[in-house]
Each structure stands twice: as structure tokens, then as C-alpha cells.
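Hello,

My notes on it follow.

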Amino acid sequence: MTVLPITIWGEPVLHRRASEVEVYDDGLRTLIADMFETNDVANGVGLAAPQVGVGKRIFIYKFANDDGAPPSGVLVNPVLTLSKISGALPDPDEEEEGCLSFPGGQYPLKRAEWARVQGFDGEGLAVDFEATGWFARVIQHEFDHLDGKLYVDRLVDRHKRKAKKQAKKSGWGVPGLTWMPGVDPDPFGH
């Protein structure tokens, strides 16, 4: 398994819809194994293929949950069904997210409390489960990457302005920027 560089906000693959996976082969299985390895070294709870520069509809997660779903898994070509998202402002103490592709930033974001995800595993077998609470948040966050969205794109104005300032100060917003888990300093201090 190989640790892959993680793309940073501004890389085009992060900002466009990923394409469907059509072939379940050794190349796909290798990519999935590398994504799990990268996520582990980066101390992540999930990682989408666009975050490692691959514009395919794949994400992995590693999150203990009480929903009866495996604590880690892969979703290929997933479909997401969500409960209604509250119109209330996000709680900055309880609903703060971070993203490996927006290193070091953490901002509050309102998400649906329930999600159903359907798709396939790396062998092409059907996957179908429900997620609640933080597990649902993880699933929504990773799914967003497959549609070319980062969580900072969904922030309320005040937090969106702070995120844009962080990106500008960090020199992001241009193609070609990555960070390497296990080599570069951990942006979240794990």
C-alpha cells in the first residue's frame, strides 16, 4: 500500500463532479487500499478519491458508530438520501468540521442528522446502510467531495469569509498544491 499526496483546495479535481466507476478491477482495489493507508496516516475519518487526485466516485470511511454499519468501509458510486437539514445556525462547539483538503481549518456547519447510503464495495457488491449523528456527517462530507464540493463551500457567510481568508493567507486556490501525510506536519496536530 502507498500513502498518496492529498490535494488542497483549488485543485480542479476537487471542484468538479467525479465520474462513475465502470470497472471493478485490481486498479480500483489498489486505489482503495492506498486510500485507506493515506487516511490512516493522515488521521482522517474519511477520504474521497478526488482528494488524492482521482476524479472517480469513491470514498472510504473509518468511523466507529452505533448504527450497525461496519466501522470502516468503501462506497463506490454511492447514492445518498438525507433527512431535512435544520435551518438553525450551526453550533460552533458541536458542529465543527475539518477537511484534509482544507488543512488546519475547522468551521461549524449544519448537516442532516440522518443519511442512507447505497452503493457498492470494491468488488461491486451492494452496500446499503443508515448513518446518524456524526457518522451521518462523515458520510455527507465525503459524498460532497464526489460532487465537487468541500464543506467550506457550504458555510454560512461569516464562516465562509474566514475560510476564504485562511485559503488566501495559505496561498491556496491554485492547481498543483498537495500535502503528504507522514512527511509534512499534521495540519490538525494529531
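Which strands does helix H2 lie across, and at about what angle does it run to S8? The model is predicted, and in it H2, residues 133–146, lies across S2, S3, S4, S7 and S8. Its angle to S8 is about 125°.

The sheet

Those strands form an open sheet of 5, in the order S2-S3-S4-S7-S8, with antiparallel pairing. At the edges are S2 (46–48) and S8 (126–132), each of which pairs on one side only. On average, neighbouring strands of the sheet are turned by 40° against each other, direction ignored. S4 and S7 (residues 114–120) run antiparallel and are joined by 5 bridges. Val79 stands opposite Gln118 in S7.

Helix H1 also lies across part of the sheet, namely S2, S3 and S4, and runs at about 40° to S3.

The cores

The largest nonpolar core has 30 residues, of which Met35, Ile58, Phe102 and Val152 touch the most other members. At least two residues each come from H1 (26–41), S3 (58–62), S4 (72–82), S6 (102–108) and H3 (157–170). H1 gives the most, with 4 residues.

Leaving aside neighbours within four places in sequence, Ile58 is in contact with residues including Leu28, Leu31, Ile32 and Met35, as well as Val74, Leu75 and Val76. Its other contacts include Val21, Ala48, Ala49, Pro50 and Leu146.

Regards

Terms used: Residues are numbered from 1 along each chain as its sequence is written. This is a predicted model: local features need pLDDT of at least 70, side-chain atom pairs count only at pLDDT 80 or more; totals for chains, interfaces and linings use all residues. Side-chain values use heavy atoms; hydrogens and water are left out. A nonpolar core is a set of buried Ala, Val, Leu, Ile, Met, Phe, Trp, Tyr and Cys residues joined through side-chain atoms within 4.5 Å. Buried means under 20% relative accessible area, exposed over 50%, partly exposed in between (1.4 Å probe, protein chains only). Contact means heavy atoms within 4.5 Å. Two strands pair if DSSP finds at least two bridges between them. Axes are lines fitted to C-alpha atoms, for helices over the stretch in contact, and angles run from 0 to 180 degrees between N-to-C directions.
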